[in-house]
There are 2 protein chains.
Amino acid sequence: MPKSPEDTMPTSGRHEMPFTRIEIVVLSVIEGRLGVLLGRRAQAPYQGRWALPGGVLRIDQDKDLDAAARRVGIERLGVELPYLRQLTAIGGRSRDPRAPWTLSVIYRALVPFEAIDPNPGKRLEALKWVAADEAAADARLAFDHAERIGGALEVTRGEIDRLELPFEFLPQAFTLGELQACCEAMLGRHLDKSSFRRRLDERNLLEAVEGQMRTGAFRPAQLYRRRCP
Amino acid sequence: MPKSPEDTMPTSGRHEMPFTRIEIVVLSVIEGRLGVLLGRRAQAPYQGRWALPGGVLRIDQDKDLDAAARRVGIERLGVELPYLRQLTAIGGRSRDPRAPWTLSVIYRALVPFEAIDPNPGKRLEALKWVAADEAAADARLAFDHAERIGGALEVTRGEIDRLELPFEFLPQAFTLGELQACCEAMLGRHLDKSSFRRRLDERNLLEAVEGQMRTGAFRPAQLYRRRCP
DNA sequence: GGGCATAGTTGCGATGTGCTACTAAGTGGT
DNA sequence: ACCACTTAGTAGCACATCGCAACTATGCCC
């Protein structure tokens with residue numbers, strides 16, 4: 001058995017290191033449904049297939065993993081991704097035929113879909129929004145990305161269940177109806193109005209914007225905003 | 001802004017990759033308390049300080065990250081770690097002065113403390129068990145390991161709260177009292193006997209080993225085992 | 001046989017949450 | 001003027017979960 005003491009010096013090149021990437025599961029609510037952003041691969045492997053946007057970790061540029069994910073978001077999508085959360089790391093042989101061993105750190109971002117221009121220029125390939133649940137079950141996606149999307153959905157829905165609210169998808173001031181519809185879109189299921197509201201104000205998560213109402217075709221609704229987090 | 005298209009070929013050496021390690025938070029229940037296994041560092045940095053056991057990812061040996069964690073467990077601790085769970089990845093500049101950029105994938109293992117011999121031989125440095133809550137608050141630990149231990153505790157206690165039971169720490173057949181004591185040790189707080197039992201059998205997690213009782217100084221107790229998982 | 005420590009059960013009350021039903025307040029059609 | 005319609009917002013009840021306290025049961029030991 002090879003010796004491998006704790007203090008093996010990480011002299012550069014002593015051991016080969018994995019080819020390390022960042023992949024981002026970008027979620028948004030579009031027309032009442034949760035969508036995920038995919039990019040079409042221009043080259044092999046999986047040429048022409050849809051995949052999560054991602055990029056190579058650049059240790060010369062990135063201060064840490066979070067910074068790497070932010071840079072990848074800007075370079076590949078043209079947007080700052082403010083609400084990044086790391087989900088997991090996946091690594092192994094033969095994940096990507098271009099390198100003997102690859103490691104991907106998976107992030108999740110929540111971004112209003114209008115913020116991303118699907119065709120910003122030549123250096124970015126085609127992007128599209130896809131219904132998240134279908135993407136998670138779509139075996140045709142590149143690599144193991146369908147599974148990664150499934151993991152992101154589970155985590156994200158857990159957050160909504162625990163009333164970690166998706167303010168990213170809402171205007172500064174919003175009605176309780178809008179908030180509920182947004183949560184329902186993310187969960188993919190109906191929520192009960194009265195218990196949703198009871199849970200909200202037991203937790204003191206919101207404050208009413210006094211005097212301000214959303215007026216529309218029907219009865220005006222009180223506007224709320226996030227209580228100083 | 002540098003171009004960084006999706007399909008940058010991972011030609012080995014085109015970009016420098018981070019020095020990648022595995023660190024393992026090994027937890028056990030010892031004398032009614034949750035403990036974590038630490039090793040004393042033999043060399044700089046943090047020479048003489050206590051740290052999580054870990055090792056370098058070896059892409060020539062390890063099929064994937066989980067396999068790397070298993071190998072590190074065997075090489076550094078002399079045990080198979082069957083219940084490994086990946087927690088997170090941490091990476092950045094200046095985490096470890098020996099390399100410009102390091103990435104650590106953190107695992108958690110649950111192992112009965114008797115399974116690990118603190119002094120198995122020369123190639124392993126001194127190991128010791130420390131009360132987990134104290135280690136999580138101990139700023140003297142090497143690197144950011146105290147914080148990692150805190151994260152492991154949070155995840156592990158969440159599992160117990162959701163009644164993902166720590167069979168790793170129990171014999172094949174055990175009493176409900178033993179199970180409850182084990183959970184209490186892990187959570188660091190008291191559990192109510194009657195509601196603990198109610199929750200257990202609502203979920204059908206256990207089955208009685210018919211006719212078998214644990215006899216001791218007092219009233220014998222029914223033995224249970226895990227219901228076919 | 002009685003004390004004692006653990007095993008195991010029962011009942012109650014507090015809490016959280018889903019369901020149903022209700023009232024309120026606007027628009028727009030007749 | 002009135003009513004249908006739609007959304008906003010509230011109230012009451014049923015049910016499940018769970019903590020707490022009290023109780024019974026059963027063995028060992030003195």
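Colleague: Where is Pro45(A) placed?
Modeller: Pro45(A) sits in the loop between strand S2 (33-40) and strand S3 (50-51) of chain A. Strands here are DSSP runs of E with at least two residues, helices are runs of H or I with at least four, and both are numbered from the N terminus. A cis peptide bond joins Ala44(A) and Pro45(A), with omega about -5°.

Colleague: Before we go on, what should I know about the numbering and the model?
Modeller: Residues are numbered from 1 along each chain as its sequence is written, and chains are lettered from A and ligands numbered from 1 in the order in which they are written. This is a predicted model, where local features need pLDDT of at least 70, side-chain atom pairs count only at pLDDT 80 or more, and totals for chains, interfaces and linings use all residues, while side-chain values use heavy atoms, leaving out hydrogens and water.

Colleague: Got it. At what angle do H4(A) and H5(A) pack?
Modeller: Helix H4 (residues 176-187) and helix H5 (residues 193-203) of chain A pack at about 105°, with their axes 11 Å apart. That makes H4(A) roughly perpendicular to H5(A), a label for angles of 65 to 115 degrees. The axes are lines fitted to C-alpha atoms over the stretch in contact, and angles run from 0 to 180 degrees between N-to-C directions.

Colleague: Now the DNA. How many residues surround DNA strand C?
Modeller: There are 20 around DNA strand C, and the closest include Ser195(A), Arg198(A) and Lys193(B). To be near, a residue needs a heavy atom within 4 Å of the strand.

Colleague: Which helix gives the most to that surface?
Modeller: H5(A) does, with five residues.

Colleague: And which part of DNA strand C is 2.6 Å from the side chain of Arg219(A)?
Modeller: A base nitrogen, which is 2.6 Å from an N or O atom in that side chain. For Arg198(A), a side-chain N or O atom is 3.2 Å from a base oxygen of DNA strand C. A polar backbone atom of Ala217(A) is 2.7 Å from a sugar or linking oxygen of DNA strand C.

Colleague: Switching to chain B, how many residues lie between S8(B) and S9(B) in their hairpin?
Modeller: Six residues. Five bridges join strand S8 (residues 206-214) of chain B to S9(B), and the two run antiparallel; strands pair if DSSP finds at least two bridges between them. Glu207(B) stands opposite Arg225(B) in S9(B).

Definitions and conventions: Angles under 35 degrees count as roughly parallel, over 145 as roughly antiparallel, 65 to 115 as roughly perpendicular and the rest as oblique. A polar contact is a pair of N or O atoms within 3.5 Å; within protein, one must be able to donate a hydrogen and the other to accept it, and residues adjacent in sequence count only if both atoms are side-chain atoms.
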